[in-house]
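Hi,

Here's the structure I promised to pass on.

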Amino acid sequence: MVSKKAYESDYENQWCPGCGNFGILTAMKDALVGLGLAPEEVLVISGIGQAAKTPHFLKCNTFHGLHGRALAVATGAMLANHRMKILVNSGDGDCYGEGGNHFMHAIRRNLDVTLLVHNNKVYGLTKGQASPTADPGMVTRMQPQGVTSESFNPLAVAVSLGAGFVARGFAGNSDHLSKLIQAGMRHSGFSLIDILQPCVSFNTVNTYDWYKKRVYDLNAAGHRTDDFSAAITASREWGDKIPIGIFHQTEKPVFTDQMAALRNGPLIAQSYNPERLQDILSKDD
Amino acid sequence: MPIDISIKIGGEAGQGIQTVGHLLALACRQAGMYVMAVNDFESRIRGGHSFFQIRISDRPVQAPDHRIHLLVALDEKTVQIHAAELVSGGTILMEQKAGSVQGAAPVPFVELAGEAGARITSNTVAAGACLALLGAPFAIMKRILAGQFGGKSGEILEKNIKAAELGFAAVREMAFKWAFNWKEIRPRGVLMEGSKAVALGALAGDCRVGAFYPMSPATGIMTHLASLAGDCPVVVEQAEDEIAAVNIVIGAAFAGARAMTATSGGGFALMTEGLGLAAITETPIVIVNAQRPGPATGLPTRTAQADLHFAIRASQDEFPRFVFSPGTPEEAYAVTARAFNLSEKYQVPAIVLVDQYFNDSLFTVEHDLAAPREIERFIVGDKDIKDPAAYRRFAATPSGISPRALPCMGKALVVVSSDEHREDGHISETSTDRIHMVDKRQAKWPAMMAEMQPPRGYHEDGDCLLVGWGSTRGAIREAVDQLREGGLAAGSLHFTDLWPFPDSSVKSLLQKKKKIFMVEQNTTAQLGQLIRQQTGLNFSGAILKYDGRPFYPIEIVEGIQKKM
């Protein structure tokens with residue numbers, strides 16, 4: 001039995017007091033314990049940003065890489081050892097801005113990872129510029145006239161690309177988020193959990209209170225997770241009412257299950273065979 | 001009389017020029033000939049002008065020759081562009097009426113192909129005509145065609161055999177001065193493109209993951225690797241861009257699989273941040289940069305050697321890395337495998353520089369390539385670690401190399417960060433940790449330097465030394481032969497191991513030389529600059545070519561003669 005204590009990192013936390021990330025970290029620990037996974041069985045991969053620092057504050061295997069590139073690193077790690085349990089912590093800037101291309105292609109591949117996007121609508125680590133998910137009109141020091149571009153809708157994009165598991169959580173509801181993470185990790189294939197995360201330092205609009213007044217449990221409201229059109233409709237709901245929960249879930253062939261070379265087990269478990277290589281080398285032209 | 005014949009087949013992209021060339025190459029090998037061929041083409045799939053130039057000799061040849069004995073013109077442009085390259089007495093086979101072109105004989109390739117039943121076989125007609133001129137028995141042609149088209153329907157093979165027969169018959173009355181006596185003997189070695197040698201070298205380095213984004217002239221490497229993936233535990237994944245490719249490779253290597261990517265200069269530019277990530281996380285990766293002229297898109301299907309300084313310096317800040325550049329397929333096989341081994345041993349990125357000429361040319365690889373008996377891995381597990389729970393990925397050691405465990409393979413937790421970090425992999429901004437980690441990484445240099453092989457000499461006792469690196473090896477050696485025949489005490493030094501620079505061996509090899517001439521495919525003699533930087537020795541002059549085409553030996557010979 002794994003205890004939550006096993007995941008306690010003795011590395012000093014660097015987030016602002018009251019940050020939405022704390023709720024996400026708690027939900028991650030609860031989910032990993034709930035799944036009965038030990039820290040050494042888990043690899044957390046992240047990019048750059050406040051969200052991407054998460055694995056430092058969690059005891060686990062960690063690859064804290066470049067801005068936007070976490071999913072690419074996860075793709076390679078999966079190819080090498082597809083038996084690993086991989087979580088990716090990313091932010092709205094990291095995943096939907098810098099890493100937008102990798103986000104789309106990880107969905108296309110149906111990589112068996114669970115992607116947690118800490119979505120606070122701002123760039124926290126660089127002090128509050130609007131992110132791709134900021135709502136039009138949001139005023140920041142970089143956007144003094146207000147944001148003019150449309151807000152990026154990650155859920156609608158993921159559903160339309162055919163992602164097998166698409167969900168939204170709220171950092172202010174760790175219990176619900178923990179269950180989403182467990183469901184995402186149990187799902188075989190790509191899981192996106194976009195997480196509404198208040199930023200207490202730079203986002204004065206989308207606060208805990210703002211969200212608490214608006215979020216409702218989509219699944220408790222009778223939403224059908226196997227209905228593509230319903231998922232698209234729900235993903236476009238934003239304003240007075242904001243749905244959280246599982247928007248869409250469907251089973252699809254997993255990236256690494258389709259590769260002939262992986263049928264004999266993970267690449268790293270297969271041994272080098274000099275005779276086989278010599279046969280290839282000795283083939284005539 | 002020694003045999004040394006060059007045949008150039010020119011036409012539009014899409015006319016099957018390479019097929020003609022390959023048929024000739026395979027056939028000539030049945031007569032025990034050494035074959036070398038270059039592939040010159042534009043960045044387009046149809047039209048334009050391209051050619052395949054094949055050199056056939058009874059002694060090893062490793063560079064293209066400028067003298068053409070037989071020009072096969074599948075279009076009119078080929079005659080206009082290349083007729084002047086024909087040696088005295090040479091022959092032109094051309095589609096259209098001969099007109100006033102000296103040495104030209106019309107062969108209606110397309111019409112004869114139509115007669116054979118498929119106009120698409122006009123290239124086979126041309127191949128048949130060439131082999132007939134060379135004096136080949138038709139049986140050889142037939143056997144080669146069966147090998148090439150045997151997998152297809154009997155009808156396709158029949159039509160090609162018929163096309164070849166018509167080609168043979170079309171030139172029956174013609175004499176070709178350089179026809180030779182075809183004694184069938186067992187061919188020496190195998191024919192191989194440079195790109196295939198790199199892919200095989202990757203397998204010899206136990207590469208398990210290849211990730212790449214298509215880019216000429218690197219694509220061939222990954223196509224070869226992908227074609228072998230069914231027989232070996234290798235996965236080749238086409239990435240969404242070069243940034244993804246290098247990060248996939250880093251992720252795979254972090255998790256324990258040896259991994260590589262191949263690209264050209266523009267893609268390598270995009271991979272530069274990833275190169276730094278591999279460096280600071282001390283993750284071993286191999287990047288092959290198949291050079292082409294730049295900057296930006298430059299000349300996509302042509303050759304260059306202008307990324308040497310880029311490869312050595314790419315990325316912000318400073319860190320150890322290996323840079324190699326092979327000169328022959330045998331060297332490419334060995335060097336690529338070494339790149340994997342050394343990268344893993346020292347936990348640093350390794351870069352292999354090849355180029356379009358090398359990747360797309362066919363070479364005769366005379367001696368069998370040998371698979372290594374075993375692969376030494378530089379990885380630890382819980383059993384090798386005193387207290388796995390206290391494992392620190394970047395623990396200090398005198399060599400700078402920390403024992404490397406893999407994630408999810410034991411109690412040892414592996415924590416790495418692209419931020420500067422402590423020994424346990426967690427972020428640190430303290431002055432002490434920063435200095436500690438930089439010094440740890442830089443401490444690897446001396447041992448890495450000791451791994452580097454000195455440049456290879458050829459008549460290196462000569463007073464006049466031609467110095468080059470990478471794919472120019474064959475052309476330089478042949479230039480040395482010609483210069484020596486002309487009475488000049490010439491020799492050459494050729495580099496495959498470029499960084500860390502083998503300072504002391506280079507200094508001792510060069511310091512007493514009267515004349516040092518750099519031979520490079522860039523405008524500033526990048527290796528020459530590097531030699532000066534690392535040894536203080538100056539070169540006397542440089543033969544530089546940067547038009548995107550490979551060196552002919554004669555260009556080097558004439559360049560040297562002008563400077564002497």
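A quick definition before anything else: I call a residue buried if 20 or more other C-beta atoms lie within 10 Å of its own, with C-beta atoms placed from the backbone. Keep in mind that this is a predicted model.

Chain A first. By that cut-off, 52% of its 285 residues count as buried. The chain has 9 helices and 10 strands. Its radius of gyration is 20 Å, close to the 19 Å that the globule rule gives for 285 residues, so chain A is as compact as a globular protein of that length.

Now to chain B, where I looked at one sheet. This open sheet has 5 strands in the order β16-β18-β17-β20-β21, and the pairing is mixed. At the edges stand β16 (456–458) and β21 (541–544) of chain B; each has a single partner strand, so one side of each is left without a neighbour in the sheet. On average, neighbouring strands here are turned by 20 degrees against each other, ignoring direction.

Further in, β17 (residues 464–469) and β18 (residues 490–495) of chain B run parallel and are joined by 6 bridges. Cys464(B), for one, sits opposite Ala490(B) in β18(B). Packed on the sheet is helix α16 (residues 473–485) of chain B, which touches β16, β17, β18 and β20 (515–520) of chain B. The direction of α16 makes about 170 degrees with that of β18(B).

Cheers

Note on methods:
Residues numbered from 1 in each chain as written. Chains lettered and ligands numbered in written order. Predicted model: local features only at pLDDT ≥ 70, side-chain atom pairs only at ≥ 80, totals over all residues. Pairing = 2+ DSSP bridges. Helix = DSSP H or I, 4+ residues; strand = E, 2+ residues; numbered from the N terminus. Axes fitted to C-alpha atoms, helices over the stretch in contact; angles between N-to-C directions. Contact = placed C-beta atoms within 7 Å. Rg over C-alpha atoms; globule rule 2.2 N^0.38 Å. Buried ≥ 20, exposed ≤ 12 C-beta atoms within 10 Å, placed from the backbone.
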